[in-house]
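Subject: Structure handover

Hello,

Here is the structure I said I would pass on. My notes on it follow below.

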Amino acid sequence: MCASTTMTEPEGERERERERGPRFTVGYALAPKKQNSFIRDSLVNLARSRGIDLVKIDPNRALADQGPFHCVLHKLYGPEWKKQLGEFRLRNPNAVIIDSPDAIERLHNRISMLQVVSELEIEPRSLTFGIPKQIVIYDKETLFDRQSWVALKFPVISKPLVADGSAKSHKMALVYNHDGLNKLKPPIVLQEFVNHGGVIFKVYVVGSHVQCVKRKSLPDVSASSSSTSGDAAVLPFSQVSNIATDKKAEEKYYEMMDLDDTKMPPQEFIEGIANGLRGALKLNLFNFDVIRDARFADRYFIIDINYFPGYAKMPSYETVLTNFFWDLLNNCSKLNSFDKEVREREVKENSIHV
Ligand SMILES: Nc1ncnc2c1ncn2[C@@H]1O[C@H](COP(=O)(O)OP(=O)(O)OP(=O)(O)O)[C@@H](O)[C@H]1O
Ligand SMILES: O=P(O)(O)O[C@H]1[C@H](OP(=O)(O)O)[C@@H](OP(=O)(O)O)[C@@H](O)[C@@H](O)[C@@H]1OP(=O)(O)O
Ligand SMILES: [Mg+2]
Ligand SMILES: [Mg+2]
């Protein structure tokens, strides 16, 4: 898992490197939109000043032919990319891949994504967390079968089962009653809508760093909404917390939603969940969406987990990410030197025995 520090440069250069501290190269493979938002000069310069060079991976060339990289950072999908990572790992067994494609894949399905929350075992506390009631529907027939609905109450949110980062995978719909079902396109997850005061908490995780921010969310739904009929019984929407509105409208919204007045969940509680998820998912870079039940303030729900989210929206993201790379690479480098020492000792001992 760790990066190799066995370079073949002359001893003098090695000496200078020891004085300066080691330098590392992190290759990144990101979709253009992600690259634009994440790879900013402020991050590149800060990382460089700490001995970490961020280098773009050329998507048109084999990954294994590029580098050398001590670490590969990526958010690309598909079997071809997975194959490339596999070949790179074979050729560079000591390089770190952030994160494992298999671990990331678990987040590409909205059922397996949240299953991990239900499995978390965190010691009893005064606040509770879980996931809203949900069912998965694979075809229209099951969608209209009343039997499928026994466990679920309206209103519900319909979400595409697949969460692979495509625009389609973000197409949601708020459904007030059975009249709204016609427009839904399985395979979908139907999740009970939980009134939460129009504010969502986004928890960003970067290794052991956990940071929670408030964002606007869908407003509460009134009980009378259940009587809406026809087309009005379904309200399609997409990426609410990411919608770019003009500043004035946004200010008005914030006033309306009392975003500033909304109390944050206790940091210790959020950290407990974040660390539990990090361990269970075996991921370093993700965020999760948390809502607080409007009826019971001690009840929280996790509704979404995203791999490699929009970190640039997180305060001081440059420092947080640079610290993460630094810790990771320096720890790995120490581990590798230790491995090397052990290996050299083994060779020596073996040669004595021979
Ligand atoms: N069960 C729920 N109860 C209430 N509101 C919900 C629920 N599920 C989702 N929402 C609202 O819908 C929004 C979108 O849902 P979700 O986060 O699952 O979608 P997404 O497309 O994966 O979002 P992201 O852009 O964070 O990846 C949430 O930010 C929240 O405002
Ligand atoms: O667009 P941004 O950079 O802000 O990041 C968003 C990210 O888009 P990108 O990775 O395609 O860029 C989304 O990923 P996909 O589900 O589409 O894979 C998802 O993680 C959102 O939750 C992120 O917003 P945030 O949760 O941080 O507000
Ligand atoms: Mg979300
Ligand atoms: Mg999501």
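D304 is buried, and so is N306; buried here means under 20% relative accessible area, with exposed over 50% and partly exposed in between (1.4 Å probe, protein chains only). This is a predicted model, in which local features need pLDDT of at least 70 and side-chain atom pairs count only at pLDDT 80 or more, while totals for chains, interfaces and linings use all residues. Residues are numbered from 1 along each chain as its sequence is written, chains are lettered from A and ligands numbered from 1 in the order in which they are written, and side-chain values use heavy atoms, with hydrogens and water left out.

The two residues

An unreviewed UniProt entry lists D304 and N306 under "binding site"; such positions are given in the numbering used here, feature names are shortened, and annotations may be inferred rather than shown by experiment. D304 lies in strand β14, and N306 also has its place in strand β14. Strands (E, at least two residues) and helices (H or I, at least four) are DSSP runs, numbered from the N terminus.

The relative accessible area of D304 is 12%. Leaving out residues up to four places away in sequence, D304 touches R110, M113, L114, N287, F288 and D289, where contact means heavy atoms within 4.5 Å. With the same exclusion, N306 touches L107, K202, L285, F286, N287 and D289.

The metal ions

The magnesium ion (ligand 4) is coordinated by D304 (OD), D304 (OD) and N306 (OD1), at 2.1 to 2.7 Å. D304 bridges this ion and the magnesium ion (ligand 3), and the two ions lie 3.9 Å apart. Donors are N, O and S atoms within 2.8 Å of the metal (3.2 Å for Na, K and Ca); water is not among the atoms, so sites may look incomplete.

The sheet

An open sheet of 5 strands runs in the order β5-β14-β13-β10-β11, with mixed pairing; two strands pair if DSSP finds at least two bridges between them. Its edge strands, each pairing on one side only, are β5 (128–130) and β11 (209–216). Strands β10 (residues 199–206) and β13 (residues 285–292) pair in the antiparallel sense over 6 bridges. V205 has F286 in β13 as its bridge partner.

Helix α6 (residues 110–119) packs on the sheet and touches β5 and β14 (299–307), its direction making about 130° with that of β14. Axes are lines fitted to C-alpha atoms, for helices over the stretch in contact, and angles run from 0 to 180 degrees between N-to-C directions.

Regards
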